Every structure is written in structure tokens, then in C-alpha cells.
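The following exercises concern the architecture of one protein chain. Please work through each task with the model in view before reading its solution.

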Amino acid sequence: MLKGINVKIYPNQNQIECIEQNIGNVRFVWNQMLSMWNTRYQNNPNLPMLGRYDLNSLLPTLKKEYGFLKESESSSLQVVCETLHASFVEFFKKTRRHPRLKSKKKATPSFTMKNNKNIELKKNAIKLPKIGWVKARWSDNISFDKIKRVTITRTSLGYYKVSVLVESESQVLDKTEQEIGLDMGQTDLMIGSDGLRVKTQAYKKYEHKLKLWQRKVSRRMRLAKKNGTPLDEAKNYQKAKRMVAKYHDKIRNSRKDYLHKVTKQIIIDYDLIAVEDLRVRGMLNKNNSKINNKAIANQSWYELRTMLEYKSDWYGKTFVKVDPKYTSQDCSYCHNRTGPKNNLSVRKWTCSHCNTNHDRDINAGKNILNKALEQVG
């Protein structure tokens, strides 16, 4: 199985220049290849689609025309061709929109290189082609069986991190013979069919500081414009921007850490995990208040579901997505639709058909589990 491990690295000044050069070259090659592809289609729409090897064959010509591309790690440019080809394949399948040119300001500053037996690891360091040995901060419990690819990214805070894609053996956990259906909520992050409740984590401390620094960004931007100072040269404004990025990063990392912990525990405790296949984007609409939309977004239901899905594959458990339709209205005992409709204030109700008392969320979890059991037989 494949795992991605994120690690912070500490390059020196020469290594930073090499990394930034490679980031710029990757973006340049993407834009050149995409422009060529678009021009080719405009000249003759009936031509067959280019393959990734066709794009790779154009790299030597580009390197002769633009000498600075020779400073890049060669496999990083090949990955650009593969990614562009895959993007067009998905576009023609109508699963994504047409690829666009990458802007220096908006594109993610990163590049990916393949491991052609030229990437090495040792304690607190990683050796990367064209860059050399770079200081890194590894966790003691990380084991690298086989490195496939390495991605270097410059974060919004200005530091660099490495994402190492490794291939390792599956770690099948012991069976517990337990099953659970999980209903997603706002007060509680998850409510299980067996009464399990996972609390929502609040980040009020960081959110309060983030709000203060966002106000400072606005004030300092207005002051810089009033004094005629370019924003790139306004030191106080740039400092405030870095602090905003810092607290966004803290909230994001704290949330992800919490989700990893709760999902791992669920994977350990249950053999079958069923969740509702929510359309989160459709739930975030203009009719909701800002507070409600923020509460929904902060739950990170999609990321939570993704973690449960790939961890189930890792550890030999069964993961099932079910249609959330009527899971809160159907009685989990007699299966009649007697529950409250479109009234979230009703948390407990009694089935008028079988007189069973229900907790709204636990009943939904039971219905989710029942649907999952029907799917898997």
C-alpha cells in the first residue's frame, strides 16, 4: 500500500535557490506544454490526443531553447507531462474542468520528483537530486520501506516541507466482530449507531487570534496605501500577513491531528464502518447563516470520510458509503417514515407506528448501518 508522509525540511540558502528554480521551471513547462496543446487543437481538432510519452519527447527541445530548464531535476519535468496528460484524460471524461495556465501568485509552489535510486534517507536528513543533503525533522516511528516519489512544497508561512510517498506492507488489524453506522453532526462530530459520540473540537483560542490579525492586515493595508507604500515593501503589513497564515496553519494542523486520532480509534474498534455520503458543497448555500455555514465547514466531513476510507483499506476493515436520504426520518425498528421532517430542533421522537423512542442521531446511525449491511450482504 502507498502512504504519504509529510516532513519539515531546513534547506540552506543555496538549496533554497535550487528549490525555487525548480518550482519556477515546473510551472514554466506546464504553461508551455498547455499552450502548445491548445494551439495544436485550434489548428486541427481532429488530431489524436497526445500521450505522456509524446510530451516527454518534447522536453529535450525545450531544454535546448531554454537553458535554465537544465538546472531542474529531470524527473520533475516528466511528472509535469504525466500530470498534464492525466488532467486532459479526466477533462474528456467530464470529471474535471479544462486545465488552466498556472500563475506565479496562485499556483501551489511545489514540484515532484521520482525516486530513480538517487534519493537517500538517514537520521534527520534526506538526500535529494540536484539539491543534496537537506536537514529534516523525522518522527521516531516512521519507517520507509520503499520510496516512490518526493514532493517539495513551499508553505504559506515560507518554510519548506517534503511529502514522501512510500510503499509499505498492509497492516491488518485484529477482527473485533463489531459494526457501526456513523451519522455526521455539528454539536457532535460523529454519532454511532451503538451510542458512540465523538465531540466536535473547538479552536477558539486560535480563531480569536486569527480574527485579531486579520483586522490588523486590513488596517495596515489601508495605512500603506494611504502613505503610498507598495504592499511588498510594507514590513508591518507583511508581518501581519505571515501571522494570519500562521494561525490558519495552526487551526488546519490541529483539526487534522484530531481527525487522525478519532478515525484511527474507530478503525481499531470496528470491522465495518458505514457513513452517509453527504454532499457538503450543496449544504453550504446562501440560505444558511454565516455561522451555520462555518460550523458545517469546520467539521471537515469530507476529509473525515476520506480518512476512514483509506485507513479501512490499510488495516483490512470494511468501509461503506450509503445514501443519507431519510435516515433521520425512518424508524430503525419498524422502518416506517414517522420521524420529524425538516425540523432540526427535535432531537428525540417516538415512532407513531411501533411506539419506539428514538434519539434522532442514534436512529440515523442505525439506519445508515442497516443500509450498509444490505449493500454488503
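The protein chain comprises 10 helices and 14 strands, where helices (H or I, at least four residues) and strands (E, at least two) are DSSP runs numbered from the N terminus. This is a predicted model, in which local features need pLDDT of at least 70 and side-chain atom pairs count only at pLDDT 80 or more, while totals for chains, interfaces and linings use all residues. Residues are numbered from 1 along each chain as its sequence is written, and side-chain values use heavy atoms, with hydrogens and water left out.

**Exercise 1. Determine the strand order of the seven-stranded sheet and identify its edge strands.**

Solution. 
- Step 1: the seven strands form an open, antiparallel sheet with the order β2-β6-β7-β1-β5-β4-β3; two strands pair if DSSP finds at least two bridges between them.
- Step 2: on average, neighbouring strands are turned by 30° against each other, direction ignored.

**Exercise 2. Trace the pairings of β1 with β7, β3 with β4, and β4 with β5.**

Solution. 
- Step 1: eight bridges join β1 (residues 2-10) to β7 (residues 160-167) in the antiparallel sense. Lys3 has Val166 in β7 as its bridge partner.
- Step 2: β3 and β4 (residues 125-128) run antiparallel, joined by three bridges, and Lys122 is partnered by Ala125 in β4. Their hairpin has two residues between the strands, and Asn124 takes a positive phi near 65°.
- Step 3: β4 and β5 run antiparallel over four bridges, with Ala125 opposite Lys135 in β5. Three residues lie between these strands in a hairpin, where Lys130 in the turn has a positive phi of about 70°.

**Exercise 3. Classify the packing of α6 against α5 and against α9.**

Solution. 
- Step 1: two packed helices are described by the angle between their axes and the distance between the axes.
- Step 2: the axes of α5 (residues 204-227) and α6 come within 9 Å and cross at roughly 155°. The two helices are therefore roughly antiparallel, under a scheme in which angles under 35 degrees count as roughly parallel, over 145 as roughly antiparallel, 65 to 115 as roughly perpendicular and the rest as oblique.
- Step 3: the crossing of α5 and α6 is left-handed; left-handed denotes a near helix turned anticlockwise from the far one by less than a right angle, and right-handed clockwise.
- Step 4: the axes of α6 (residues 235-269) and α9 (residues 301-315) come within 10 Å and cross at roughly 45°. That makes α6 oblique to α9, and the crossing is right-handed.
- Step 5: the contact of α6 with α9 includes Leu259 and Ile266 of α6, and Leu304 and Tyr315 of α9.

Methods. Axes are lines fitted to C-alpha atoms, for helices over the stretch in contact, and angles run from 0 to 180 degrees between N-to-C directions. Contact means heavy atoms within 4.5 Å.
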